[in-house]
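Biologist: I am new to this one, could you put it up and walk me through a few places in it?

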Amino acid sequence: MYSLDEIQKPIERELQRFSEYFTSALENEQPEIQEIINYILKTQGKRMRPLFLLLTAALHGEINHKSYVAATLIELMHTASLVHDDIVDEAYQRRNRWSVNALWRSKKAVLIGDYILARGIRTAVDNELYDIIREISFVIEDMSKGELIQADASLSLDISRDEYFEIIRCKTASLLSACSSSGARSTGASPEAVECMRQFGNLLGLAFQIKDDLLDYNQIDRIGKPVLNDIKERKMTLPLIEALECATEPEKEKVRTWLREADDDRSAARKVYEFVVRNGGLQKAATIMEQQEREALRILETYPASPYKEALIKYADYILNRKK
């Protein structure tokens, strides 16, 4: 598997400049607000989305001011969504650190998430990036829609493969799709190239989420047992959907019963896990994930060789082979 350092190498200086844009967009004169912002900045992840946007920008032309502003808006929106997700999920840790709502309670966490999103939109408005704002408005709509559909699915415990793909398109793929299309758009790429990159990001986003679903089955706790968070939260993810595909109706009802008990009963969660493994759910999901990646890479085949194209190929490989 390629490392992030290898993937970032062609645009190292540009990523540093983006980091400066991003930090300055969050500066605030109120010490109480800045304290929370500083904490969030310390817990920032790998910034995979700005990296993706800037690489697709470089693939089509020169990374410029518009590219940096677009990457800043998207990362601010993503950061705000993570703060809000932790509130909805009542999660008190993120990346082994306390979440914002754990330290400052839900009321402040909601407001700081709103504040971060507003700063992103204001940054884009100040720079007249109205096309990017429009793009992001669709993403926010899709992400909310995806969460609502998934919430309903966790109650009914009945979801088709097509419904699952609509959920992950909304929740995950729409954002990566916006990254790649906005990257191309920021350099003045043709409408055809922008649409091409939109599809490229969508396919990688689908693969990214399926990989997350697979990782949940492979994460092991300190005493060597699967963590199974998705099962405990009654999420109908692809490995389970594929395993249920060939099950009889009595078997499906048995699995639904285990799912309803999974949050309180570790043995019930374990039974669902064993059912998925026994019925080939993990292998089938992995095969579908690899198919999404192949389709994405076919889009890149139309581009001439360059360090940026090579980095995007490595980016796709990283998505499929990451361990967390």
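Modeller: Leaving aside its neighbours within four places in sequence, asparagine 202 is in contact with Arg169, Ala173 and Ser177, where contact means heavy atoms within 4.5 Å. This is a predicted model, in which local features need pLDDT of at least 70 and side-chain atom pairs count only at pLDDT 80 or more, while totals for chains, interfaces and linings use all residues. Residues are numbered from 1 along each chain as its sequence is written, and side-chain values use heavy atoms, with hydrogens and water left out.

Biologist: Where does asparagine 202 sit, and is it buried or exposed?

Modeller: Asparagine 202 is in helix α9; helices (H or I, at least four residues) and strands (E, at least two) are DSSP runs, numbered from the N terminus. With a relative accessible area of 15%, asparagine 202 is buried, a word that means under 20% relative accessible area, with exposed meaning over 50% and partly exposed in between (1.4 Å probe, protein chains only).

Biologist: What else is in α9, say aspartate 213?

Modeller: Aspartate 213 belongs to helix α9, which covers residues 191–218, and counts as buried because its relative accessibility is 3%. Apart from neighbours within four places in sequence, aspartate 213 is in contact with Tyr164, Asp230, Thr237, Leu238 and Pro239.

Biologist: Which side chain does the side chain of aspartate 213 make a polar contact with?

Modeller: That is the side chain of tyrosine 164, at 2.3 Å. A polar contact is a pair of N or O atoms within 3.5 Å; within protein, one must be able to donate a hydrogen and the other to accept it, and residues adjacent in sequence count only if both atoms are side-chain atoms.

Biologist: And how far is aspartate 213 from aspartate 230?

Modeller: Their C-alpha atoms are separated by 7.8 Å, although aspartate 213 and aspartate 230 are 17 residues apart along the chain. Tyrosine 217, also placed in helix α9, has its C-alpha 8.4 Å from that of aspartate 230, across 13 residues in sequence. Tyrosine 217 is buried, as its relative accessible area is 1%.

Biologist: Switching topic, how many disulfides does a search of the whole structure find?

Modeller: A search of the whole structure finds zero, a disulfide being a pair of cysteine sulfur atoms within 2.5 Å. Cysteine 170 is in no disulfide, and the nearest cysteine sulfur, in cysteine 179, is 16 Å away. The sulfur of cysteine 196 also has cysteine 179 as its closest cysteine sulfur, at 16 Å, which is too far for a bond.

Biologist: Now helices α3 and α6, at what angle do they cross?

Modeller: The axes of α3 (residues 31–42) and α6 (residues 100–126) come within 11 Å and cross at roughly 100°; axes are lines fitted to C-alpha atoms, for helices over the stretch in contact, and angles run from 0 to 180 degrees between N-to-C directions. The two helices are therefore roughly perpendicular to each other, since angles of 65 to 115 degrees count that way, with under 35 roughly parallel, over 145 roughly antiparallel and the rest oblique.

Biologist: Which residues make that contact?

Modeller: Ile33, Glu35, Ile36, Ile37, Tyr39 and Ile40 of α3 meet Val100, Leu103, Trp104, Lys108, Ile112, Tyr115 and Ile116 of α6. By class, the contact has eleven nonpolar, no polar and two charged residues, where Ala, Val, Leu, Ile, Met, Phe, Trp, Tyr, Cys and Pro count as nonpolar, Asp, Glu, Lys and Arg as charged, and the others, Gly among them, as polar.

Biologist: Last one, what does glutamate 242 touch?

Modeller: Not counting residues up to four places away in sequence, glutamate 242 touches Arg161, Gly281, Lys284, Ala285 and Ile288. Its side chain makes a polar contact with that of arginine 161 at 2.6 Å. Glutamate 242 is found in helix α11 and is buried, with a relative accessible area of 5%. Glutamate 242 and glycine 281 are 39 residues apart in sequence and 5.0 Å apart in space, C-alpha to C-alpha.
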